[in-house]
Each structure stands twice: as C-alpha cells, then as structure tokens.
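Biologist: I'd like a close look at one part of this model, with the cut-offs spelled out as you go. Here it is.

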Amino acid sequence: MPLLRLFLKPGVDKQNSEYGAEGGWVDCDNVRFRYGLPEKIGGWVLFSDTAVYFVGATSEVFAWNDLDGSPYLTLGTTRKVYVFYGGTWADITPIRDTNAGVTFDTVSGSNAVAVNDSGHGAITGDFVTLSSTTGNPGGIPNATMNAEYEITEVINTSKYTITASVNATATATTAGTAVATYQINVGSDVSFADFGWSTGTWGLSTWNTPRPASAGLTLTSRVWQFDTFGENLILQLVGGGIYEWLPSTGIGVRATAISGAPTKSNYALLSTPDRHLVCFGTESTVGTPATQDPMFVRFSNQEDVNTFVASATNTAGGQRLTDGNLIVSAVRSRGQILIWTDTALHGMQYVGPPYTFGFQQLGANCGLIGPHASADVNGVAYWMAKDAFFVFDGTVKKLSCTVQDYVFKDLNLIQAQKVHVGINTQFNEVTWWYCTADSDYVDRLVTYNYLEQVWSVGTMPRTAWTDLGTYSRPLASEYELNSNEATVSTINGLTAGRSLLYNQEVSTNGSGAAITAFVKSGYFDIGDGDQVMYMRRFIPDFQDQEGSLTVHLLLRPYPQSSAVASSLDPYVITPTTEKVDTRARGRQISLRIESSAVDTNWRFGTMRVDVQPDGLR
C-alpha cells in the first residue's frame, strides 16, 4: 500500500473533542510549536553554580544595567527582596522601624525567647535583627543573640517570641538589652477569599479560631513590581509603599522609602521619555494611606521622584479614571502607557504642560486578572482577563484561543494575584502561569506563539519570569513550599518555603534531571470513520533528535470508547530508526510522542504511515 503522510495542524486544540480535533494536536507538556511543528522545550539550570535559596515565593524577577553597563538582578518574594551583583546576593528588604532597649524573657533549657518591645508593630513571620545585645540574657552569649530572626509568635502588642540558636541556661525576666531592627511586614503566599476560620496571614491567630474582620488582614498574596529611574531601582509593593535602591550605595545597603511619594499604591512605573514616576490606584492626598483611591493615577514632577504634589511650578498631577473598580496594572507601550482596570483598558499619553498627561479609554469589558498578567511585545499588548485572552494592536480584540475552556474552567480566581506572564522573544512566545481550581500555588501554564498564532499548554511551575536582555538567557523562579534549605543569609527560626532561580532554555534537562515531554494528536480515520484501519508500519521523521523517544498508537472503535494501545506498543525510536512495523487496528488512531530520559531532544517532522481498510477480529 502507498504511504500516507500525516499532516497535523500546529497548536493544541482542546475546544473540540479528541475526534473532532482530527488533523491536529490535543494535548502536550514541555513541548512548544515552532514553524508549525512540535518540539521539546529547552531545559534549565541553576542561576548559580550551586543552589541559592530565597525566603518566600518569588513574585517578580527583574534585571537591569547601571550607567556603566554592569548587570544587576533583583528578586522580590512574598517575604523579602534580594539583589545580585558581581556574583553576590544580598538582602535589601526595607527597614520598617528600629527600637533600642528591648529586653528578653527566657526559660532555662529552652531556645524560645520572648522579646519585650512596646508597640513593636510586628506580625507573626516578620523578620527582626538584634544587635548591641548586653547582659547575656538567660545565659545566651551576647554575640549569639546578635542575629536575624523570624518572629515565631506575636503574643501581644508589647511582646513576641523568637527562636534562638542555643538554649537558655537560666530563667530570666526582662533580662539584657538590645537594639531591634524590623523589616517591613511580610506578606502572604496565598490569597484569601473571605474572613473566618483558616484565613489571614500565617500565624495571625491561634489554630481553629475565626479570624477577625479587622484592619490589616491580608487578603491577597504579596506581589512586587520593579522598574528603574536611571540606574536606580524602583520597588513598588503592590497595594503598599514604594521604595528605591541605589547601586551606587553598594549591595550591603537596603532599599528605602521614597520621600514625598505616595505610601500606598497598586502599581507604579516610570513614563518614557518624559521620565515621570507614575503611581496607579494611589492616594488622593499624598502620604495619607486612608485616602487611597483604587482608580486614581498620580504622577511625580518630571525627573523628580520625590515630588508628587502638584504646583504651578512643576509637572506633578493626577487623574481619576472611570470604568472599573480598581486599577490592576500598567505597561509601557508604543507612544503611551496602557492602564488596565478590572473591567477596561485606558491609554495615558504625555501631552506636556499644563495637563502633562492625557487619558482616554481604549476598551471595555476587557479587564486584567492580575498585576503581572499583561505584557507588551513591540508595541502590541497581550493580557489575560478572568474569562479570555486579549490583544491590543491599536484596537482591543479577544484572542481566538483553542484552549480557552481548558484554562478558564479550571482557574483559581482567588489566586488571580499570582497569574504571571513571561515573554520569550527567542521563540516568539507569551506564557501565562496560573493556579488551577484545586491549587493555591502555580501549577500550570498556557503559551501563545504570537507569530504563528498557536497555543500550547504545560505544567512547568514558575512564579516569575524575565526575558533575556541583561542576561543571555531568560530567568525564572520556582517555589518549593516545604523546603527548609539554608538561605542567602542565616535566619534563626526560619520556617519552610523557598524559591530557586533558573537560567531557562539551557541544556535538554531540568536542573540535571530528565524532562518528561509529550505531545498527543487527535484521532484520525479513513473516510468518516465507517471503516476499520490496519496500520502495518510507520516511517518516523524527527529533527535534532538526541537519545531515544517513544511513540504510542492509541486505538478506539468509537469516539466514546476507552483508548487501548496497539499490541506492539510502545515503539522506541532511536536517531537511526528507519521504519517501525506495527499491528495497529481500529476505526480511529491517535499518535502520542513522548520522552522521559535525560539528555533527550527532538523535533517532530512529517510521519508517514502505511494504512489500509480492514475488519475487526
């Protein structure tokens, strides 16, 4: 019999049934589509030669160069902020308060130490650094007490406990003295839908008690957003304060609050080329958090990030937007800043004095799902809403998506704050990572190839991503919920939850381990499926193949029947395999290609099959 070429449409189609998607692909993992053909994705390696662990779940990775061209990298987590320069990582988390004269209560034989500090303002899980300790409290040496601690439990507004590295040798009350330096309050790595039992930040109250509907209860997971003003790093805590870090001060100096800037905003970025620092969803009265208006835009004086109050002699000002309940995010695009509310898209353009900026609504019913769910590629913006994907190329359009139900019918909207988009310009891809309905942590991705306009799906968990540029590879972070590995700096009493940073698109393995990759086709048949097929053989065709891969032939007599493998399954394909003899018989046949060993790589070509009409036996 003559050989039949299998022409399969690129991209994954989950909107149709596996039979209805005949002539295409219906599922994949760790596979991308390029030039119309599926191939295994690139691997990843640790950013550093050895594993470096960061406290908390990473929400943003950002790389930039200083004025001399030296590369910097910053990583913001739910609990800390780190910066990398010259081969060294440092903790630059801002300081909230410093109190002198704190004292300690100890119990002999225990390493639980109570710290007495009236009005400390801490919550459970915060970080405090003790210094200048005197009196060897409870017999613990002063030098040992001088360290960083995670606050184990907040007892009341004047007392909390820490876990020392050694046990006390004596019971003491209000013993010794020290200086306590508090970092800004930590955030949660999980969002909460309502009040009651089991809600709130970790350790907010005691186990099995309802949480109060009180001020300060964290309802959304912490997200950082970074930008630069010249070489200086701008750090916006989404829903909180805005900070600045100067490379000129060295990585041993922490970020500090920007004087004169709003103290509570939902997002911030620098406008170009006019160089105003713009805060979104911010305060109508600068410096007064109670006046935060989630629909208000405020911009600084030109070239001056410390002046936000408008006057006749500066270009600072503000504007309240309509159509929406809150501003979610913003992105610099061609000739304007795009601003998303939860329901609409607005444009912000520099027009010069006296108004400085002009605003216009660009689209409705196209809101953004989360602060990091939008991206701009060469003046075209792509974003994820709560029920669809959109593009803006001068007009707002809903993207035709062949995996729409697969994504949006299994989406945890409570964890929408964690949705994160990554651009991979090397492969013309925009990828969104998100939490599925039964998960509070990122566990799935969906990718759109914007040149070939095809979709793929996967399960590689990444909480943050930045494209190549400052560094030669994309960088991405993964969160290990139960990890207790040693972190960048030593912290006493540190609870679980660590992030790792990877170089992506490197090697064929995942940090040295095998990457399981597969792609599955829809079912094909003869005619309208009214004849039984017998496949005698197939001719494999793979490009850039390294190692062995496996081909499965899945058979069905009817669309609703369970799939069974052909009698000679699986078929192992090596780089030298010329043909494969089979005994596959069924009305419908599906093709599944997979690899699960280290050092494997492949790109599908055009498979030819030898099929003929037959009967079931």
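Biologist: In which sense do β44 and strand β52 (residues 608-614) pair, and over how many bridges?

Modeller: They pair in the antiparallel sense, over seven bridges. Quick ground rules: this is a predicted model, where local features need pLDDT of at least 70, side-chain atom pairs count only at pLDDT 80 or more, and totals for chains, interfaces and linings use all residues. Residues are numbered from 1 along each chain as its sequence is written, and side-chain values use heavy atoms, with hydrogens and water left out.

As for terms, strands are DSSP runs (E, at least two residues), numbered from the N terminus, and two of them pair if DSSP finds at least two bridges between them. Strands of a sheet pair through backbone hydrogen bonds, either parallel or antiparallel.

Back to β44, then. Within its pairing with β52, F538 has V609 as its bridge partner. β44 is also joined to strand β49 (residues 580-586), by five bridges, and those two run antiparallel as well. Buried here means under 20% relative accessible area, with a 1.4 Å probe and protein chains only.

For comparison, here's another sheet. Seven strands form an open, antiparallel sheet in the order β14-β13-β17-β11-β12-β16-β15. Its edge strands, β14 (148-150) and β15 (153-156), each pair on one side only. From one strand to the next, the twist averages 40°, using axes that are lines fitted to C-alpha atoms and angles that run from 0 to 180 degrees between N-to-C directions. Inside that sheet, β13 (residues 127-134) and β17 (residues 172-183) share five bridges in the antiparallel sense, and L130 has A180 of β17 as its bridge partner.

Rings of Phe, Tyr and Trp (its six-membered ring) pair if their centres lie within 6.5 Å; planes under 30 degrees apart count as stacked, over 60 as edge-to-face and the rest as tilted. By this rule the count comes to 32 aromatic pairs. W383 and F390 have ring centres 5.6 Å apart and planes at 15°, so that pair is stacked; both residues are buried.

Finally, a charge sits over a ring if NZ of Lys or CZ of Arg is within 6 Å of the ring centre and within 35 degrees of the ring normal. R592 does this over the face of F518, at 4.0 Å from the ring centre.

Key. Helices (H or I, at least four residues) and strands (E, at least two) are DSSP runs, numbered from the N terminus. Buried means under 20% relative accessible area, exposed over 50%, partly exposed in between (1.4 Å probe, protein chains only).
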